[in-house]
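Subject: Structure handover

Hello,

Here is the structure you are taking over, followed by notes on what was found in it. Please read the notes with the structure open.

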Amino acid sequence: DGVLIADIHINFDNNGKIKNDYKINGFIKKAKVDIFKKYDVENLNLLFKIQKNKFFLQDLDAKINQLKFSAPLIEIEKKKDKFKIKGKVITDKKGVNTKTIKDLFKESFKTLKIEDISFNSENKFSLDVNSNFKINNFKLETSLDLNNLKYQNNSSTIKKYLPNFKKFIKLKNHKILINYSKNQLDIKGKGQITIDDKSDKLDYEIIKKNKKYIFNSNINIKNNFLTINAFQYEKKENINSLLSLKGKYKKNKEIELDLVSLKVNNDIFL
């Protein structure tokens, strides 16, 4: 559904066949598309240019399952029996809320139990699509500003180090870089973490290669109470400390963390 207007320039050869120098320019306004009965695209607006084996989509904006996004330019090039696609997609925090994200990523939300989320992002991507709609060589570079995230976590590992931890973890003002390519995922981020209404600083890296995860994290704990039972150590509030952890995913999808080092007031404790 929607409006499509195009300017079509076609030349014919002496046999009446269309030459390869054709050009089609136009725009789409307020279009609605149903993709595989899974994604509803609404209020789609864009400019397009079509040449032989090349397609350019410009100034695109739309909603997918109520999630607003825009794309300055998407390039599509046909090579033999596949299409090579690349471009940049931008999401705005004004169009992001918990309901829209739940609708878009239903399976992920079942495990993460996210209560509240707000973010904006820039995503550069490239991929190949064949005639059977099979995707290959997918690559993604994302710069994400996570303004707010609140989720439920009953991790026994967190309670082992932070006894005041109740039920929810809150992340605020996180800068996150995500790089994804075949069989490999690299996530780096840093920002504020709030536990029991007390905020501290957190930086982390998650690396997934094939089916293995590596998790590294540094938590600058000043305002929260910290305890390490193995060493019968307790750090009171308002004392600077840096807790370095590494970990891996367990079968129940909980992160199992091991303590690497602890610094208290710039002195190495262990």
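**Surface patch**

Ile8, Ile10, Phe12 and Ile18 make a nonpolar surface patch of about 380 Å². Patches are built from residues with over 30% relative accessible area and no salt bridge, joining like charges within 9 Å and nonpolar side chains (Val, Leu, Ile, Met, Phe, Trp, Tyr) within 5 Å. Accessible areas come from the Shrake-Rupley method with a 1.4 Å probe, and for residues only the protein chains shown count as cover. Isoleucine 18, one of the patch residues, sits in the loop between strand 1 (3-9) and strand 2 (23-35). Isoleucine 18 counts as partly exposed because its relative accessibility is 48%; buried means under 20% relative accessible area, exposed over 50%, and partly exposed in between (1.4 Å probe, protein chains only).

**Basis of the model**

This is a predicted model, in which local features need pLDDT of at least 70 and side-chain atom pairs count only at pLDDT 80 or more, while totals for chains, interfaces and linings use all residues. Residues are numbered from 1 along each chain as its sequence is written, and side-chain values use heavy atoms, with hydrogens and water left out.

**The chain as a whole**

The chain has three helices and 17 strands. Helices (H or I, at least four residues) and strands (E, at least two) are DSSP runs, numbered from the N terminus. Of the 270 residues in the chain, 32% are buried. The chain exposes about 18,000 Å², and carbon and sulfur atoms supply 50% of that area. Among contacts (heavy atoms within 4.5 Å) between residues at least 6 apart in sequence, 40% join residues at least 24 apart.

**Nonpolar cores**

A nonpolar core is a set of buried Ala, Val, Leu, Ile, Met, Phe, Trp, Tyr and Cys residues joined through side-chain atoms within 4.5 Å. The largest one has 28 residues, of which Leu146, Leu149, Leu162, Ile169, Leu171 and Ile176 touch the most other members. Two or more residues of this core come from each of strand 7 (114-130), strand 8 (135-152), helix 3 (156-161), strand 9, strand 10 (184-195), strand 11 (198-209), strand 12 (212-221) and strand 15 (241-249). A second, separate core of 18 residues includes Leu46, Leu60, Ile74 and Val89. Leucine 149 is in contact with Ile114, Asp116, Ile117, Ile169, Lys170 and Leu171, leaving aside neighbours within four places in sequence.

**Salt bridges**

The structure holds four salt bridges. The criterion is a side-chain nitrogen of Lys or Arg within 4 Å of a carboxyl oxygen of Asp or Glu. Lys82, Lys84 and Asp128 are linked in a network of them.

- Aspartate 128 pairs with lysine 82, with the closest N and O atoms 3.8 Å apart. This pair links distant parts of the chain, with aspartate 128 in strand 7 and lysine 82 in strand 6 (residues 82-91), 46 residues apart.
- Lysine 84 also meets aspartate 128 in a salt bridge, at 3.2 Å from N to O. Lysine 84 is in strand 6 and aspartate 128 in strand 7, 44 residues apart.
- Aspartate 145 forms a salt bridge with lysine 175, the closest N and O atoms being 2.9 Å apart. Aspartate 145 belongs to strand 8 and lysine 175 to strand 9, 30 residues apart.

Aspartate 128 is buried, at 5% relative accessible area. Lysine 82 is partly exposed at 32%, and lysine 84 is partly exposed at 32%. Aspartate 145 is partly exposed at 22%, whereas lysine 175 counts as exposed at 53%.

**Histidine 174 and other polar positions**

Histidine 174 is in strand 9 (residues 168-181) and counts as buried because its relative accessibility is 1%. What does its side chain make a polar contact with? The partner is the side chain of tyrosine 204, at 2.9 Å. Such a contact is a pair of N or O atoms within 3.5 Å; within protein, one must be able to donate a hydrogen and the other to accept it, and residues adjacent in sequence count only if both atoms are side-chain atoms. A polar atom of the histidine 174 side chain also lies 2.8 Å from the backbone oxygen of glutamine 192.

Aspartate 200 lies in strand 11 and is buried, with a relative accessible area of 6%.

Regards
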